[in-house]
Amino acid sequence: MEAQLDPMKDDLPLMANTNYMLVKHYILDLDVDFQSKVIEGIIVLFFETGSRYRKTSSTGKEGCRSQFDETCKIRASGPYHVPVTKVSACSSKTEYNDFAICGKGEEDISDKNGNHSNEEQASGISSSKDCCDIENHGKKDFLLVLDCCDLSVLKVEEVDVAAVSGIEKFTRSAKLTDDSKELENLRNQIVHELVTLPADRWKEQLYYFTCCSQAPSCGELLFTTDTWSLEIRKSGIKTPTDFPHAIRIWYKTKPEGRSITWTTDQSGKPCVYTMGSPINNRALFPCQEPPVALSTWQASVRTAAGFVVLMSGENSAEPVQLREGILSWYYYVTMPMPASTFTIAVGCWQEVKQQSFATAIQTNIEFSLPSSQVDFRWHEGICGHVEYPCRFQNPAARLQAVIPYRVFAPYCLVERCKEHLLQLIPQCLSAAYTTLGTHPFSRLDVLIVPSNFSSLGMASPHIIFLSQSVLPGGGHLCGTRLCHEIAHAWFGLAIGACDWTEEWLSEGFATFLEDIFWAKAQQQLSHDEVKAQQELKALLRWRRLRDEVQNSEEELQILRPKKESTGESSESGASVVRHGLKAEKIFMQVHYLKGYFLLRSLARTTGEASYLASLRKFVHKFHGQLVLSQDFLCMLLEDIPEQKESGLTVESIFQNWLDTSGIPKLLPDQLVLLLESLLEEKTLCPRILQSLEKTYQLREQDAEVRHRWCELVVKQKYVPGYGDVEKFLREDQAMGVYLYGELMVNEDAKQQELAHKCFATARDHMDVSSAKVVAEMLF
């Protein structure tokens with residue numbers, strides 16, 4: 001690990017040197033074995049040279065080499081696996097519309113049970129050897145570093161993409177020579193041309209990715225693993241530009257691997273799924289974890305008949321029988337996404353069916369768009385992301401209020417899913433579309449996951465996991481959670497955080513939009529009912545946030561813990577996620593709730609209609625990209641001048657909301673709203689009232705706030721606050737008249753005594769009309 005990272009015990013290291021080499025596409029070819037609880041197979045990675053090297057190489061390669069040398073110096077030495085054999089993969093004869101990766105054939109090194117032989121590895125491990133061997137006149141080999149944990153890596157090899165039939169179209173010169181250096185450059189050139197194909201050639205691109213993944217090996221590569229990474233090098237290669245840009249890794253997972261869970265579903269059937277681990281997917285396949293490594297992928301997964309493979313993929317995969325008892329499932333994604341969003345679930349899932357997709361649309365959904373949204377949604381602008389087949393540029397997709405969806409569950413929960421979930425999905429999808437516009441993803445699977453799932457829901461591209469806990473008790477919890485996860489399609493997936501420590505950009509937005517979506521999905525609610533529902537939810541969230549702030553470490557309450565250095569990484573691209581492995585952080589709600597209250601505060605200042613219009617503009621501008629907090633805040637303040645005029649700045653939001661622990665200081669109107677919400681509560685304990693006054697310094701606030709505070713004191717008979725009531729009645733006579741009535745109506749001796757005392761003191765100085773009204777209340 002690089003010295004400057006200095007991770008603490010609970011930090012998650014992101015080891016991949018993405019500034020030197022950046023993965024653009026993965027192809028996975030895997031077998032799932034429930035008996036051994038192992039997923040085994042190969043992964044092929046296609047790279048581009050990273051931004052840091054491209055930038056420095058223009059001034060000379062030596063400077064960049066010195067950076068590699070420094071990286072090498074601070075890595076611990078370890079044994080390297082030395083190549084001893086060459087292995088050829090099967091060749092491809094598929095057409096563009098058939099991308100299925102072929103199964104392991106006669107040329108595979110697997111034994112009859114599909115398990116890879118490790119004999120050549122056992123004989124090929126050298127004695128302890130520095131991972132940056134000094135060769136070639138003292139210059140060190142370049143190291144490719146991937147994030148990897150809890151995996152058994154069996155072999156790493158360079159892929160001879162130049163051997164693929166028809167690949168000549170991706171070379172500047174069709175003439176191939178035997179010169180090894182020229183062949184190496186040609187292979188990397190082919191990969192570059194392939195990963196940069198225009199979006200309208202995506203089928204051809206996937207076809208050739210598949211062909212290349214099955215091309216022969218042109219030599220094994222040296223590799224070693226440590227706790228958090230897989231390090232790969234090729235002897236004599238000094239720079240990322242010359243390093244192989246297509247590599248194949250043979251590996252298998254471990255039963256105890258932390259990226260996936262092997263368990264049984266509610267019907268007692270075996271299953272395995274990615275459950276949102278703090279270490280993400282590095283124990284499922286070697287990858288580049290930093291968010292900047294946006295990539296596409298293809299995956300073929302083989303398993304025993306009777307099992308269903310669900311995955312984050314654009315297609316609704318149908319199984320293909322390879323041989324008796326074995327099925328293969330194929331998925332692909334053409335929108336570049338972080339590897340952490342890859343999701344898989346293999347089990348004996350049953351599809352829940354009630355009516356056709358078309359019927360569901362006709363019977364459950366009304367498609368009326370507010371006129372204020374139409375002009376914006378139909379606007380055709382140039383997208384700001386890297387090129388891919390974007391739905392925001394597809395006229396048909398822009399009109400699709402409800403994307404195709406499927407529901408899967410263990411057999412014993414199928415009927416329960418029919419009660420509410422099936423009907424709620426199209427309603428919630430339509431509500432989301434009405435609010436934000438074009439759905440970023442083309443379809444949706446919803447899976448009820450096993451009972452050991454530690455959350456109520458989790459969203460990934462094209463698939464949502466829901467806990468069985470959302471099913472009983474009517475549709476409210478199921479609907480609100482579904483709305484929350486659907487919101488992640490825009491915030492968290494289509495728009496990702498550039499720095500994982502800014503979780504609020506995902507969870508805060510999803511929590512805020514959950515209420516908006518759910519109000520629209522319930523179609524029959526009046527405006528007052530919607531407002532009442534949302535105010536009650538805000539109160540419950542405030543109490544939950546208050547309790548969490550009081551009972552958690554301050555450093556875990558900060559939404560932007562890296563402050564000015566947010567989004568920065570080391571020279572190589574490696575970084576750490578502060579507290580990413582801290583167990584209690586997984587269950588904390590502060591990023592959800594504090595982020596929600598920030599967004600709610602901004603919405604109340606500008607008005608909901610203007611605010612939602614700004615959100616739609618933000619989505620249109622930044623979909624398919626990674627953002628920082630300031631990207632959203634700057635656009636909002638520029639888009640809504642009223643915010644700037646009120647003195648609100650990005651810096652003040654950082655200071656009050658994102659860079660500090662605890663509950664932010666609220667504006668007077670927000671405090672009034674909070675206190676009015678609390679006035680609806682029947683009882684509040686003295687400790688809560690004491691904390692409330694201390695947290696918000698209510699005695700120092702303006703008269704509107706202090707008036708609500710006094711009302712709360714009177715209603716709750718909070719004796720320590722009686723002095724505040726007395727002072728208010730004495731100094732704020734213009735607003736205190738009705739407090740006398742509240743002191744009397746409770747029929748509490750102390751409060752009535754306080755009312756008479758205050759009136760006797762102030763009567764001679766009061767307005768005649770006010771004095772008469774108060775006297776009628778008291779006597």
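## Ground rules

This is a predicted model, in which local features need pLDDT of at least 70 and side-chain atom pairs count only at pLDDT 80 or more, while totals for chains, interfaces and linings use all residues. Residues are numbered from 1 along each chain as its sequence is written, and side-chain values use heavy atoms, with hydrogens and water left out.

## The chain as a whole

The protein chain has 25 helices and 26 strands. These elements are DSSP runs, numbered from the N terminus: helices are H or I with at least four residues, and strands are E with at least two.

Of the 779 residues in the protein chain, 59% count as buried. Buried means under 20% relative accessible area, exposed means over 50%, and partly exposed lies in between (1.4 Å probe, protein chains only). If we take the contacts in the protein chain between residues at least 6 apart in sequence, 76% of them join residues at least 24 apart.

After the helix comes E747, with a positive phi near 55 degrees.

## A look at the cavities

On a 1 Å grid over the protein atoms alone, a cavity is a set of points where a 1.4 Å probe fits but cannot get out, and its lining residues have an atom within 4 Å of a point. Grid points are joined across faces, edges and corners, and a volume is the space filled by probe spheres set on the points. By this rule there are ten cavities of 30 Å³ or more.

The second largest cavity has a volume of about 130 Å³. Of the 16 residues that line it, I403, F441, L444, I486 and A489 are the closest to its centre. The elements giving two or more residues to this lining are β22 (457-460) and α11 (476-487). By class, the lining has eleven nonpolar, three polar and two charged residues; Ala, Val, Leu, Ile, Met, Phe, Trp, Tyr, Cys and Pro count as nonpolar, Asp, Glu, Lys and Arg as charged, and the others, Gly among them, as polar.

## Polar contacts worth a click

A polar contact of 2.8 Å joins the side chains of D141 and K238. Such a contact is a pair of N or O atoms within 3.5 Å; within protein, one must be able to donate a hydrogen and the other to accept it, and residues adjacent in sequence count only if both atoms are side-chain atoms. The side chain of D141 also reaches the backbone nitrogen of G236 at 3.1 Å. D141 and I232 are 91 residues apart along the chain, with their C-alpha atoms separated by 9.9 Å.

T434 lies in helix α10 (residues 421-436) and counts as buried at 13% relative accessibility. Its side chain reaches the backbone oxygen of S430 at 2.9 Å. Q625 is found in strand β26 (residues 625-627), and the side chain of Q625 reaches the backbone oxygen of K621 at 2.8 Å. Leaving aside residues up to four places away in sequence, Q625 touches G384, H385, A494, I495 and G496.

## Loop residues

K37 is in the loop between β2 (21-33) and β3 (38-49). K37 is not a glycine, yet has a positive phi of about 55 degrees, and counts as partly exposed at 41% relative accessibility. P198, in the loop between α4 (180-195) and α5 (202-213), is partly exposed at 30% relative accessibility. P198 and Y388 are 190 residues apart in sequence and 7.5 Å apart in space, C-alpha to C-alpha.

Terms used
Contact = heavy atoms within 4.5 Å. 1 Å grid on protein atoms, 1.4 Å probe; cavity = no way out; pocket = protein on both sides within 12 Å on 5 of 7 lines; lining within 4 Å.
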